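Trainee: I am new to this structure. Could we go through it in short questions and answers?

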Amino acid sequence: MRSELAEFGFHTVAPGRYRSGDVELELRADWLVLRAPRRTHARKLDLGPLDERGPWKSVAEGRHRIRVAELPARISGRISADADDATLSASPLQDAIRWTLRARDGFWDDSWNCPSRDQVLSWLSPENMTIASGRHARQAELVADGSRLALRAAILPTIPQELPAPRAAWLDELLMETQAHWRMVRTGYVDSRSSAMAEVDFSGAPLSILEPLVRAGAAALHAAVCWSIRSADFLIDLQQTCYCLEVRPSRAACVMQAGK
Amino acid sequence: MSMENTLSLSSETLETAMLSFHVVDVTNSHAAEVSVQPSLPAAAVTRSLVVQLELPDHTPFGLRDESTGAFLDDTKSIGEQITPGARLTVTTKTHLG
């Protein structure tokens with residue numbers, strides 16, 4: 001059992017896996033992953049909302065939806081699943097876990113000092129902020145307003161209001177898939193579904209882990225937007241005709257099951 | 001320490017306004033009406049247009065504003081260099097001597 005985890009009440013349940021209450025923590029070679037059950041009733045659509053401070057997001061696990069927080073292992077050096085790796089600095093790891101657990105419980109530290117925009121941007125290159133994939137290009141933006149620190153980018157800056165319901169449902173599926181597939185990244189809609197966004201939130205993160213966290217988050221955002229942007233653009237292109245897109249995903253799944 | 005961990009997020013804080021302009025390649029073979037985020041660097045817009053207009057990707061291209069004849073600065077955002085409805089040409093940057 002890693003001693004730095006005991007402070008939070010974690011006990012070993014399997015090699016590299018720990019549990020404290022209803023929170024499970026997994027130490028992987030490259031990632032620290034925390035899972036917890038949802039505390040609210042499941043909704044059909046569970047994207048975002050893009051207004052929550054901290055790293056948690058909802059993903060599907062089997063037939064259930066759970067809350068997940070993912071942190072890069074580099075925040076505390078390379079995390080080993082082997083017990084009691086004495087070469088690690090315990091402090092950043094504990095800082096990261098403390099921040100994540102408090103965010104899950106809804107706590108907000110009023111004394112948190114949001115770093116300046118210039119400081120955060122100094123950790124990133126201009127290439128980190130420009131996302132290009134084929135004929136698509138997006139500019140990520142840094143939100144640093146004192147109580148919120150996040151990187152966000154538009155997957156779709158504008159969504160046609162006349163988008164048919166089945167295509168809107170497919171877009172929901174794509175955004176949820178993106179959220180589940182890419183670590184750290186949340187997706188969702190803003191302004192009454194007029195835009196689809198991806199974001200990584202660092203609000204409240206302790207300074208001891210912030211720089212590697214922001215660097216990893218920028219890379220994750222870049223990858224997630226690149227991954228989803230072409231499909232998303234295809235889905236809202238009403239000039240494209242495709243029978244599959246005229247059928248809701250749930251209905252399409254039934255048809256596929258029936259065809260087996 | 002407070003228990004309020006959510007903020008009301010306004011789309012006013014997000015860049016959702018788009019900049020629209022007309023673009024044509026230097027041979028006048030391909031043209032398009034384009035909308036992009038104004039904060040995008042001109043270089044990124046050029047790269048996306050090269051793909052969209054199916055121009056050769058091994059050639060260095062730049063964007064020229066037809067109203068001034070000047071190339072846009074690749075490193076600056078396109079929004080600070082043109083106005084909505086501008087007419088741009090995707091032009092090779094090759095020097096001939």
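Trainee: At what angle do helix α5 and helix α6 of chain A pack, and is that parallel or antiparallel?
Mentor: This is a predicted model, in which local features need pLDDT of at least 70, side-chain atom pairs count only at pLDDT 80 or more, and totals for chains, interfaces and linings use all residues. Residues are numbered from 1 along each chain as its sequence is written. The axes of α5(A) (residues 165-181) and α6(A) (residues 207-236) lie 10 Å apart, at an angle of about 175°. Because angles over 145 degrees count as roughly antiparallel, α5(A) is roughly antiparallel to α6(A).

Trainee: How do the residues of the contact of α5(A) with α6(A) divide?
Mentor: Contact means heavy atoms within 4.5 Å. From α5(A) come residues including A:Trp170 and A:Leu174, and α6(A) brings others, among them A:Trp227 and A:Phe234. The division is nine nonpolar, four polar and two charged.

Trainee: How many of the nine residues of strand β6 of chain A are buried?
Mentor: Buried means under 20% relative accessible area (1.4 Å probe, protein chains only). Strand β6(A), residues 64-72, is largely enclosed by the rest of the structure, because the buried residues number seven of the nine.

Trainee: Which residue stands opposite A:Leu71 in β6(A)?
Mentor: Strand β4(A) (residues 31-37) runs antiparallel to β6(A), joined by seven bridges. Two strands pair if DSSP finds at least two bridges between them. Opposite A:Leu71 stands A:Leu32.

Trainee: Which residue takes a positive phi in the hairpin of β5(A) and β6(A)?
Mentor: Strand β5(A) (residues 57-61) pairs with β6(A) in the antiparallel sense over five bridges. Their hairpin has two residues between the strands, and the positive phi, near 65°, belongs to A:Gly62.

Conventions: Chains lettered and ligands numbered in written order. Heavy atoms only, no water. Axes fitted to C-alpha atoms, helices over the stretch in contact; angles between N-to-C directions. Helix = DSSP H or I, 4+ residues; strand = E, 2+ residues; numbered from the N terminus. Parallel < 35°, antiparallel > 145°, perpendicular 65-115°, else oblique. Nonpolar A, V, L, I, M, F, W, Y, C, P; charged D, E, K, R; others polar. Buried < 20%, exposed > 50% of the residue type's maximum accessible area, 1.4 Å probe, protein only.
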